[in-house]
Every structure is written in C-alpha cells, then in structure tokens.
Amino acid sequence: MNDRRIRSPLTPEEKREVWGEFADREEEYLDEVEQRWGDSTAHEQSAKRVAAYGKEQWERINRDNAAIEARIRELMDAGEDPSGEAAMDVAEAQRRHIARWFYDMTHEFHVRKSDLYVDDPRFRAGIEANTRPGAAEWLRTAIRANADRASGTAGP
C-alpha cells in the first residue's frame, strides 16, 4: 500500500466524523479505487472534486445521500414497483447526486455501476445498510428503468 490519503482540508478527526469507517481504511480503499478506475476520467474528476470538500460539504453529501436512501426504503416498504415513476425518480436523484459531488454520471454509466450494487458484497452492504435487504436489486431495476426513460425507450 502507498502512504497516501485523499487530498482534503479535513482533519483526521473530521474525516472519521464524516466518512465513518472509510477514514480508518482510506489507504486500502484508495488502492482498490486506483486499481479499478485509476485511468478513468471519473477517477480524475472525483479526486479533484473531493480534494476541495470541507466538513460542511461532506455533511451535505451525507444528508443528501441519507435522504435518497430513506426514499428507497419508503418506496420499498410501500411495495412500489422498482420500474415505476417514483422509483425512477429516486434513481435519477441518486444519479444526479453522484454527478454533482463526484464525477459525471451518464445514464449508461449509472446502469453499469448498478451491477456493482448487486454483484459486489461491499457495494450491496453499502446500499442495504440504510435501506433494507433487496434494495440493491430494487435500485438496479429502478436505475435501468430510469435510463430507458431518459433514452425514450421506456415502455408504455
């Protein structure tokens, strides 16, 4: 592992406060991120953006993400169809959240990333920790439906 950290104005204490367990495993996760996506535009954009975020921005990012997760949970609890309008709207909110704070997120890229939510146990755990079991599949379906809606190929 390299001795590196995300360039950030946050103190180590603030990192632990706003990043949670990620702060304690920052180098390990950065190694993996660099291995998977190090040569991508998304990686470059994200590294540049997050380097400027202070505690207030991270608190906003976390609040916005928590609201998206709460909406997913609400919709699932209500039995909403993951390919319905409300589900597509929450998928779009997640896509825009990522695009605003981290990197450009096209609908196509969002669909590809949604496969990680289902196939990678850590991504699944991240999605389902604050929603409920099955949220990874539910969200992937919503993301795919939202991409179809955006491209004009959605069903009737």
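# Aromatic pairs, core and helices

Me: How many aromatic pairs are there?

Reply: The count comes to 5 aromatic pairs. Rings of Phe, Tyr and Trp (its six-membered ring) pair if their centres lie within 6.5 Å; planes under 30 degrees apart count as stacked, over 60 as edge-to-face and the rest as tilted. One of the pairs is Y103 with F109. Those rings are tilted, 5.6 Å centre to centre, with 35° between the planes.

Me: Before we go on, what kind of model is this?

Reply: A predicted model, in which local features need pLDDT of at least 70 and side-chain atom pairs count only at pLDDT 80 or more, while totals for chains, interfaces and linings use all residues. Residues are numbered from 1 along each chain as its sequence is written, and side-chain values use heavy atoms, with hydrogens and water left out.

Me: OK. Is Y103 buried or exposed?

Reply: Buried, because its relative accessible area is 12%. Buried means under 20% relative accessible area, exposed over 50%, partly exposed in between (1.4 Å probe, protein chains only).

Me: Which ring does Y117 pair with?

Reply: Y117 pairs with F123. That pair is also tilted, at 6.4 Å centre to centre and 35° between the planes. Y117 is buried at 3% relative accessible area. F123 is partly exposed, because its relative accessibility is 23%.

Me: Which rings form a cluster?

Reply: Y53, W58, W101 and F102 do, linked by ring pairs.

Me: What else does F102 touch?

Reply: Beyond residues up to four places away in sequence, F102 touches Q45, S46, R49, V50, W58 and I61. Contact here means heavy atoms within 4.5 Å.

Me: Step back a bit. How many helices and strands?

Reply: 9 helices and 0 strands. Helices (H or I, at least four residues) and strands (E, at least two) are DSSP runs, numbered from the N terminus. Buried residues make up 40% of the 156 in the chain.

Me: Which residues touch the most others in the largest nonpolar core?

Reply: W58, I72, F102, Y103, Y117 and W138. That core has 31 residues. Helix 1 (12–19), helix 4 (41–50), helix 5 (55–77), helix 6 (85–101), helix 7 (107–119) and helix 9 (135–151) each give two or more residues to it. A nonpolar core is a set of buried Ala, Val, Leu, Ile, Met, Phe, Trp, Tyr and Cys residues joined through side-chain atoms within 4.5 Å.

Me: Let's do helix 9. What does it pack against?

Reply: Its buried residues pack against helix 5, helix 6, helix 7 and helix 8 (121–128). Among those buried residues are W138, L139, I143 and N146.

Me: How far does helix 9 reach?

Reply: 24 Å from first C-alpha to last, over 17 residues. That is close to the 24 Å expected at 1.5 Å a residue. The expected span is 1.5 Å times one less than the number of residues. G152 follows helix 9, with a positive phi near 85°.

Me: How about helix 7, which residues are buried there?

Reply: F109, H110, K113, S114, Y117 and V118. They pack against helix 4, helix 6, helix 8 and helix 9. Helix 7 has 13 residues and reaches 19 Å, close to the 18 Å expected.

Me: What is F109 in contact with?

Reply: A42, Y103 and D104, leaving aside neighbours within four places in sequence.

Me: Switching to the loop between helix 8 and helix 9. Is T131 buried or exposed?

Reply: T131 lies in that loop. It is buried, at 9% relative accessible area.

Me: Which backbone oxygen does the T131 side chain reach?

Reply: That of I127, at 2.6 Å. A polar contact is a pair of N or O atoms within 3.5 Å; within protein, one must be able to donate a hydrogen and the other to accept it, and residues adjacent in sequence count only if both atoms are side-chain atoms.

Me: Last one. Where is V18?

Reply: In helix 1. V18 counts as buried, because its relative accessibility is 7%. With neighbours within four places in sequence left aside, V18 is in contact with L10, K55, W58, E59 and N62.
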